[in-house]
Structure formats: structure tokens, C-alpha cells
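Let's go through this fold together, one question at a time. Have a look at it before reading on.

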Amino acid sequence: MTPERTAELPVGLESALENYALGFLRQGRQEWDEPHTRAVVYYAKEIAKAEGLNALVLISAAWLHDIGYYGMFEQDESRRYDSVMDRKTAHMVNGARLAEEFLSKPEIKPFYTPEQIEMIVHLVAVHDNIEELWGLEDIALMEADTLGAIDVARVKPTFDKENARKYINNDLTLRRYSRFLTTTGVNLFNQLFPKFEAYFK
């Protein structure tokens with residue numbers, strides 16, 4: 001079986017992705033970026049395996065998708081919904097640049113085709129531009145990103161009740177869930193969302 005069908009990456013590559021990403025994630029959103037990214041990677045694997053998508057691309061993008069938040073927040077700023085939203089565009093620009101730097105390393109580049117590198121950088125660059133996502137890979141990463149934000153068993157929310165309500169009303173249900181395409185993503189969302197809402201009650 002190919003990596004695309006088993007949703008498993010070569011051990012050396014996944015370890016390199018993880019180590020590179022953690023160097024930035026641990027300097028991003030407090031108590032959030034690392035556990036959130038690990039959850040997104042988990043759901044990227046689940047979606048890729050169930051839907052027959054290219055795991056090499058989707059999992060690589062999942063590890064790298066939020067590294068652009070590196071150094072953007074002071075103290076508790078990242079616990080406020082509006083502060084995070086203000087930095088969405090910048091984190092995608094920064095993240096795409098950092099992703100391209102990683103994927104261009106001589107020891108990393110041979111794992112990918114040029115088209116796969118281009119796709120991963122693209123996914124990192126657009127993953128939070130919800131209304132502009134059209135390709136199945138675009139949507140699948142957005143689904144994994146969303147699921148990795150609402151799984152309270154894997155990631156303890158850092159928003160308080162007021163900021164969580166803004167996220168649910170302004171982003172989660174209207175913008176994100178309405179764009180889900182995969183059966184796997186829809187089913188997982190319907191399992192996780194009630195627990196996420198209940199967490200804040």
C-alpha cells in the first residue's frame with residue numbers, strides 16, 4: 001500500500017515535520033498551538049484514510065498549518081477571539097513562507113514531488129480563507145483544522161465562554177461547518193460539536 005492510502009508517513013519524515021513545527025508552535029498561542037496541531041494531524045490522518053486522499057500532502061500541511069502564529073502574541077492575547085482573527089492573514093503568509101523553507105531542505109525535498117510541495121504551501125497559505133476554499137484538499141484540511149479545535153478530549157479550550165460563543169456564532173457553524181464536504185468530516189463534527197458546546201455551559 002502507498003502512504004496515500006495507509007495515512008502513514010515515513011517515520012523520518014513525520015519526525016522531521018513534528019520537530020520543525022514544534023519549534024514554532026511552542027512560541028505561538030499559549031497552551032493551544034501544539035495540542036491543537038497534534039489533534040489536526042490526527043484528524044487529517046482519519047480523513048485521508050477514510051476518503052482516499054493524499055496523506056503525504058494532507059498530513060504535512062496539518063503539521064505546518066499554524067506555524068505562522070510564531071511570535072505573534074503577548075501574554076493572554078491569544079485567548080481572545082478578536083485578537084486571533086486579527087492575525088489570521090499574517091499567520092497564513094508567515095506559515096507558507098516557513099513551510100516552503102522546510103520543504104526546500106535538501107534532506108526533506110526528495111520525499112515530495114514539486115507538485116506536492118506546491119500544494120502543501122498553498123494549503124498553509126489559504127487554510128483559514130474559508131470562503132475561498134474549493135479543492136477537496138483545501139476543504140479536507142479545513143475540516144481537520146476545525147475538528148482539531150473542537151475536540152475537548154484532545155485539546156483543552158483556551159477561550160472563555162464569551163470568546164467561545166463568538167467563535168461558535170461567527171466562525172464555526174456559519175463559515176466552517178457549512179463548507180464541509182467529506183462524509184468523515186461531517187460525521188466527526190456531529191460527534192464532537194455537542195461536547196464542545198457543553199464544555200462552555
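**Fold and core**

Q: Among contacts between residues at least 6 apart in sequence, what percentage join residues at least 24 apart?
A: This is a predicted model, where local features need pLDDT of at least 70, side-chain atom pairs count only at pLDDT 80 or more, and totals for chains, interfaces and linings use all residues. Residues are numbered from 1 along each chain as its sequence is written, and side-chain values use heavy atoms, leaving out hydrogens and water. Contact here means heavy atoms within 4.5 Å. For the protein chain, the share joining residues at least 24 apart is 76%.

Q: How many helices and strands does the protein chain have?
A: Helices (H or I, at least four residues) and strands (E, at least two) are DSSP runs, numbered from the N terminus. Along the sequence the pattern reads α-α-α-α-α-α-α-α-α-α. That makes 10 helices and zero strands.

Q: What share of the 201 residues is buried?
A: Buried means under 20% relative accessible area, with a 1.4 Å probe and protein chains only. In the protein chain, that share comes to 53%.

Q: Which residues have the most contacts inside the largest nonpolar core?
A: A nonpolar core is a set of buried Ala, Val, Leu, Ile, Met, Phe, Trp, Tyr and Cys residues joined through side-chain atoms within 4.5 Å. The largest one has 69 residues, and its largest share, nine residues, comes from helix α4 (residues 55-64). Tyr112 also touches Leu13, Leu17 and Leu56, among others beyond four places in sequence. The two with the most contacts inside the core are Leu64 and Tyr112.

Terms used: Buried < 20%, exposed > 50% of the residue type's maximum accessible area, 1.4 Å probe, protein only.
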